[in-house]
Structure formats: structure tokens, C-alpha cells
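Trainee: I have the sequence and the model open side by side, and I'd like to go through it with you. Shall we start?

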Amino acid sequence: MLTKQYITELKRKGNGDISALISSQRNVGSINFILESLGHLPEDFNPDFLYELLHHSHSQIRLNAVKNIGKLNGKGDTRSLFNLYKNETDTSVRREIVSSISRQRKPANKQMLVDFLQDEDPKIVCQAIRGLLVFEKDNEVEKSLRSLVNHPNEMVRTILYKEYFSKENKSKNILPHTQIYDFLKNVVVNADVLAALKFVPDESVHLTFTSPPYYNARDYSIYPSYQVYLEFLEKVFIETHRITKEGRFLIVNTSPIIIPRISRAHSSKRYAIPFDLHPYLVKNGWEFIDDIVWLKPEASVKNRIGGFMQHRKPLGYKPNSVTEYLMVYRKSTEKLLDWNIRSYGYETVKKSKVIDGYETTNVWKIDPCFDKVHSAVFPAELCKRVIQYYSYKGDLVFDPFGGSGTVGKTAKSLDRLFFLTEKENKYFEYMKSKTKNKNLFDDVKIQFLTLEQFKKQANK
Ligand SMILES: C[S@@+](CC[C@H](N)C(=O)[O-])C[C@H]1O[C@@H](n2cnc3c(N)ncnc32)[C@H](O)[C@@H]1O
């Protein structure tokens, strides 16, 4: 009977016996069993029968033959593998061939690996990239890898960035992960966010939580068109990406909005802001992580269903909008979250642990908050959850659209630091006035700066 032990013994004696054993088998399953049981191949192993099996009509046998040839420690005949690759139609066999050739790390295989880069199967291209990294100092190899920068497949682009280009960026002068520039600590700048961010170095903030202007649905924002609005937000989040520390989070609170009709002869228009903004974010290096739905009580939102309740005519259905989105993104990185967490000391991790009672689903039921001066403030509870779940004590939390300063106040109460920008003088003054009454930021030293003052501080 065929057993693994028997095959191991035969292998030790010399592989003439293995080859004879395979020839004597009548069914595919037994041949595969032998090939899969071979394990480590000794130095003096004669692989001739494996090359014969490359022509077998059964793809699993060809696959196992390729796998074993791949174990020959650089002594395998890669030409035969390459010839098989050219005519092979089975995806698994093709991938295994590329993997076997890549693992051999032989300069003689370089051209084959470069040829694999043209394959239509993204997994083969990724495998070939990995194989070529051994020769990354080689000009020809470098040229071939660089030519893939705009490869249509996202997996290929990620591998290329992770394995190859990210090494080029390592020389940048970046603060250690947990540290923060002093001039950004507990600062509110009265300026357009894009103007202020010009003075903020790369990789400065740990978390951004923000609610951007709602296109032209509120009085504080007038954009010439929806496209201009989206492109403005794109710029803000490109800059936010630049100033965000490696692998850290951006949480954007938006919802579809409605621009009321100008007369009874026109209809109102809905804009799906979270969905329209999403492609701009992922395109610019923000990896999508989660969608959290903020659910409000029905009584707290504008009544849209009233008309329908009267007429009940299909097509005229307009549900009350009781939700907003918190779209969660992470700055794309090759590092795992563990790397971020390990940057912190034991004490910080312990102190930052989220206590019992945390939200377990992506639907957060929270009452909205109304403010006498600002028309769209975050409820403190919403801020609290985001800051607790997505940052550590001592981190710097950024809000490019500061408004009434809820992110700053909450960050402070949770032992984080904050950096806010707010364009409108009236809201900036409002935040300032709240500090005077000591109810916004308690007694922490906060700086309220004009753009000029901020610029000076940044250049010190
Ligand atoms: C939706 S509100 C944010 C409210 C804030 N989350 C709070 O809890 O108070 C958006 C804010 O962004 C501000 N804003 C709009 N355009 C801006 C820009 N280009 N730079 C900085 N702030 C801006 C608006 O004045 C408004 O206060």
C-alpha cells in the first residue's frame, strides 16, 4: 500500500525507485499522492521524471511536478518551466511556475521574470515583482518595475509601492510616530484650511475627525458648483493625507443633502456627498476601512414624509433622513495596525484602553446637538467615541473644519491634543469666547492664531 513513510524510504534509497513507482501507477490520485508526499528533496535527487510529468494531461500532476522542481534549490531547469508556462492554460499551474522560477533567485532567470510582468494575471505580475526585487540594483530591472507604476490592477500597484517604492521614501525627515510638533499643540488657526496646512510638516497628526461644509446647504459655504466643492474637499484631504502619520485614520462625517427648490416650478436637488467624495479619497491614498451610520431620533430631523402621508401616491415617497455617515479611512501603508500600536509605550496603551460600554455595531444611536451660534455642531458623544476608538492618549487630533470647536474640546477632555482650522471669523471668535468662560477647553494653554501668527510659529 502507498504510504508517506514508504515514499520517504524510497526517496532516501534513490529516486530511480520513485520514478518507477510513479510509472506503475494507474490513477491520477496515486501519482499526486506520491508527488505531494516527497517533501524535502535531497541534494543528489534526480528530477528527470518530474520534467516528464510537466507534459502530463492532468493539470494537478503538472502543478505538483512544478512544485517539486521549485524545491531544487536553484538547480532546476527553469527553461523547461518557462516553455511550459508559454503554453499552459491552467491558472494554478501558471502561477506555480512563476513562483518556482522566482524562488530560484538566479540572475539567469531575470529576463523570464521581466517577461512575466506582462502577464494578464495580476497574481503572476505580483509574484514576478517579488522575484525581481533580488535584482533591484540592476538598471534594466529597475526600468521594468518603474514602468508598472500605473498598472491597471490595484494589487500590483500596492505590491510595487510596498516592496519597492516605499524604500525610497524612508529617508524623509519624519518625527517618531508618537511625537508631535510643539507649534501644533492645542492650536486654533483662523484661516482657510489649505492656507494653514502649507505650514504643517508631513506626518504631523494622528487622527482627523471632521464634518466638512455641506456644499451650499448651509449659509457658511458658497461654492460655484458641486464639482468645485468636491474638488476643494479633494485638495483638503490630499493635504490631510500628507500631514497624517503613517497608517493613521481619517473619519469624515457627511450625509446626502438637499438643496431646496427655487420655486414651485422646480424640484429640489439631492447630492450624495459621502458617495461622491469616496472615490476622491481612495484615489488619493486613503484606504476605505468602515462606514459608520449615525442614527438620530426621527423627531429630531426635518419632516419630509408629511406630503406622502396625505396623498400616499407612489413615486412621491420621501422618507425622513435620520442618518449621517462616518466614513472611516486609513492612510495607506504597508504596515499592519500592530506596528502603529507597538509605537506606544505600555503605560499609554494601558491608559488608552477603551472601557466597557463601547459601541459594538456600525450603527451609532446618538441625539443631535443644537447650538445657538453654529448650525451644525457635533454631539460631544459622537466626538468622544471617534477619538477614543481611533487615537491614543497624547495624540494630536486635527479638525480642518473646526466650527464651534467640539473636536478640540473633546480631545482635551480625553487627554489628547488638538489642532483646528476655521475660516469664519465669527466661529473662531465663538471658540475664543468659550475659552474665556473656561467652558470650552478648561485650563489647558490654547493658542488662537491668525494665519500670520501661525506661519511665524511654524517657521521658528
Ligand atoms: C459642518 S461645520 C463643522 C462643525 C464642527 N464639526 C462643530 O462641531 O462645531 C463646517 C465648518 O467649516 C468651516 N469652513 C468652511 N470652509 C472652510 C475652509 N476653507 N477652511 C476652514 N474652515 C472652513 C465653516 O465655517 C464651518 O464652521
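Trainee: Which residue stands opposite Leu207 in E9?
Mentor: Happy to start there, and do keep in mind that this is a predicted model. Strands (E, at least two residues) and helices (H or I, at least four) are DSSP runs numbered from the N terminus, and two strands pair if DSSP finds at least two bridges between them. E2 and E9 pair in the parallel sense over two bridges. In E9, the residue opposite Leu207 is Val397.

Trainee: Before we go on, what pLDDT do side-chain atom pairs need in order to count?
Mentor: Residue numbers start from 1 along each chain as its sequence is written. In this predicted model, totals for chains, interfaces and linings use all residues, local features need pLDDT of at least 70, and side-chain atom pairs count only at pLDDT 80 or more.

Trainee: Which residue of E3 does Leu207 stand opposite?
Mentor: Here we look at another partner of E2: five bridges join E2 to E3, and the two run parallel. Along that pairing, Phe209 has Ile251 as its bridge partner in E3. Leu207 stands opposite Phe249.

Trainee: How many bridges link strand E6 and strand E7?
Mentor: Strand E6 covers residues 286-295 and strand E7 residues 323-331, and they run antiparallel. The bridges between E6 and E7 number nine.

Trainee: In what order do the nine strands lie in the open sheet?
Mentor: As a reminder, strands of a sheet pair through backbone hydrogen bonds, either parallel or antiparallel. In this open sheet the pairing is mixed. The nine strands lie in the order E8-E6-E7-E3-E2-E9-E10-E1-E11.

Trainee: Which strands stand at the edges, each with a single partner strand?
Mentor: An edge strand here has one partner, so one of its sides has no neighbour in the sheet. Neighbouring strands are turned by 20° against each other on average, direction ignored; axes are lines fitted to C-alpha atoms, for helices over the stretch in contact, and angles run from 0 to 180 degrees between N-to-C directions. The edge strands are E8 (363-365) and E11 (447-450).

Trainee: At about what angle to E2 does helix H18 run?
Mentor: Helix H13 (residues 226-243) lies across E2, E3, E6 and E7 and runs at about 150° to E3. Helix H18 (residues 380-390) lies across E2, E3, E6, E7, E8 and E9. Its angle to E2 is about 155°.

Trainee: How many residues of E3 are buried?
Mentor: A residue is buried if 20 or more other C-beta atoms, placed from the backbone, lie within 10 Å of its own, exposed if 12 or fewer, and partly exposed in between. By that count E2 is mostly covered, with six of its six residues buried. E3 is largely enclosed by the rest of the structure, because the buried residues among its 11 number 10.

Trainee: Leaving aside neighbours within four places in sequence, which residues is Phe419 in contact with?
Mentor: A nonpolar core is a set of buried Ala, Val, Leu, Ile, Met, Phe, Trp, Tyr and Cys residues joined through C-beta atoms within 7 Å. In the largest core, of 54 residues, Phe419 is among those that touch the most other members, as are Phe209, Ile251 and Val397. Apart from that core lies another, of 30 residues, including Leu38 and Ile124. The contacts of Phe419 are Leu184, Val187, Val205, Leu396 and Phe398.

Trainee: Is Arg105 buried or partly exposed?
Mentor: Arg105 sits in the loop between helix H7 (91-103) and helix H8 (110-116). Its phi is near 50°, a positive value in a residue other than glycine. With 13 other C-beta atoms within 10 Å, Arg105 is partly exposed.

Technical notes
Contact = placed C-beta atoms within 7 Å.
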